[in-house]
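Here are my notes for someone who has not looked at this structure before. They are meant to be read beside the sequence and the model.

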Amino acid sequence: MKKQQNNSSEENKDEKITDISIYIAALQATYKPAPDVRHTTHWFTTNEVYDAIKQLDPSADISKEQIFRAMTEAGFSFRVRPGASGCDFRWMLTEK
């Protein structure tokens with residue numbers, strides 16, 4: 001009887017995994033989480049953060065869900081910008 005090979009470990013080696021923490025650290029070099037709306041100097045959508053990462057590294061294998069999780073874990077919060085019409089949620093950042 002021929003032993004079946006486990007291709008999943010081989011496939012995992014071929015999968016491209018990007019460590020998103022390096023991008024969050026780069027973001028944190030310039031910005032820190034804004035404590036509230038009054039102290040927010042920059043408002044970014046998740047799409048804008050995603051697009052910026054992809055512009056820097058087009059081969060980055062990341063998802064918007066990973067960005068959301070990483071931003072939240074780094075202490076950033078998001079909400080609707082004051083005066084905005086509709087539900088346009090953005091991350092609140094302040095320049096260091």
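1. The structure is a predicted model. Distances, angles and accessible areas in these notes are therefore computed from a prediction.

2. Phe78 and Phe89. The count of aromatic pairs comes to five. In one of them, the ring centres of Phe78 and Phe89 lie 5.5 Å apart with 70 degrees between the planes, so the pair is edge-to-face, as angles over 60 degrees count that way. This pair links distant parts of the chain, 11 residues apart: Phe78 belongs to strand E3 (residues 78–80) and Phe89 to strand E4 (residues 89–95).

3. Phe78 and Trp91. Phe78 also pairs with Trp91, with 5.1 Å from centre to centre and 55 degrees between the planes, and this pair is tilted. Phe78 lies in strand E3 and Trp91 in strand E4, so the contact ties together parts that are 13 residues apart in sequence.

4. Cluster and patch. Which residues do the ring pairs link into a cluster? They are Phe68, Phe78, Phe89 and Trp91. Phe68, Phe78 and Phe89 also make a nonpolar surface patch of about 280 Å².

5. Lys64 over Tyr50. Another ring contact involves a charge. The charged end of Lys64 sits over the ring of Tyr50, at 5.1 Å from the ring centre.

6. Salt bridges around Arg90. Side chains of opposite charge can pair when their charged atoms come close. The count of salt bridges here comes to three. One of them joins Arg90 and Glu48, with the closest N and O atoms 3.4 Å apart. That pair links distant parts of the chain, since Arg90 is in strand E4 and Glu48 is in helix H3 (residues 46–56), 42 residues apart. Arg90 also meets Asp88 in a salt bridge of 3.0 Å, N to O. As for accessibility, Arg90 counts as buried because its value is 15%, under the 20% limit. Glu48 is partly exposed at 37%, and Asp88 is partly exposed at 30%.

7. Arg38 and Asp36. Another salt bridge joins Arg38 and Asp36, and its closest N and O atoms are 3.2 Å apart. Arg38 is exposed, because its relative accessibility is 71%, over the 50% limit. Asp36 has a relative accessible area of 21% and is partly exposed.

8. Where is Pro35 placed? Pro35 is in the loop between strand E1 (31–33) and strand E2 (42–44). With a relative accessible area of 63%, Pro35 is exposed. Pro35 and Leu93 are 58 residues apart in sequence, and their C-alpha atoms are 8.5 Å apart in space.

Key
Residues numbered from 1 in each chain as written. Predicted model: local features only at pLDDT ≥ 70, side-chain atom pairs only at ≥ 80, totals over all residues. Heavy atoms only, no water. Phe/Tyr/Trp six-rings, centres within 6.5 Å; stacked < 30°, edge-to-face > 60°. Helix = DSSP H or I, 4+ residues; strand = E, 2+ residues; numbered from the N terminus. Lys NZ or Arg CZ within 6 Å of the ring centre and 35° of its normal. Patch = residues over 30% accessible without salt bridge, like charges linked within 9 Å, V, L, I, M, F, W, Y side chains within 5 Å. Areas by Shrake-Rupley, 256 points an atom, 1.4 Å probe, with all protein chains shown as cover. Salt bridge = Lys/Arg side-chain N within 4 Å of Asp/Glu carboxyl O. Buried < 20%, exposed > 50% of the residue type's maximum accessible area, 1.4 Å probe, protein only.
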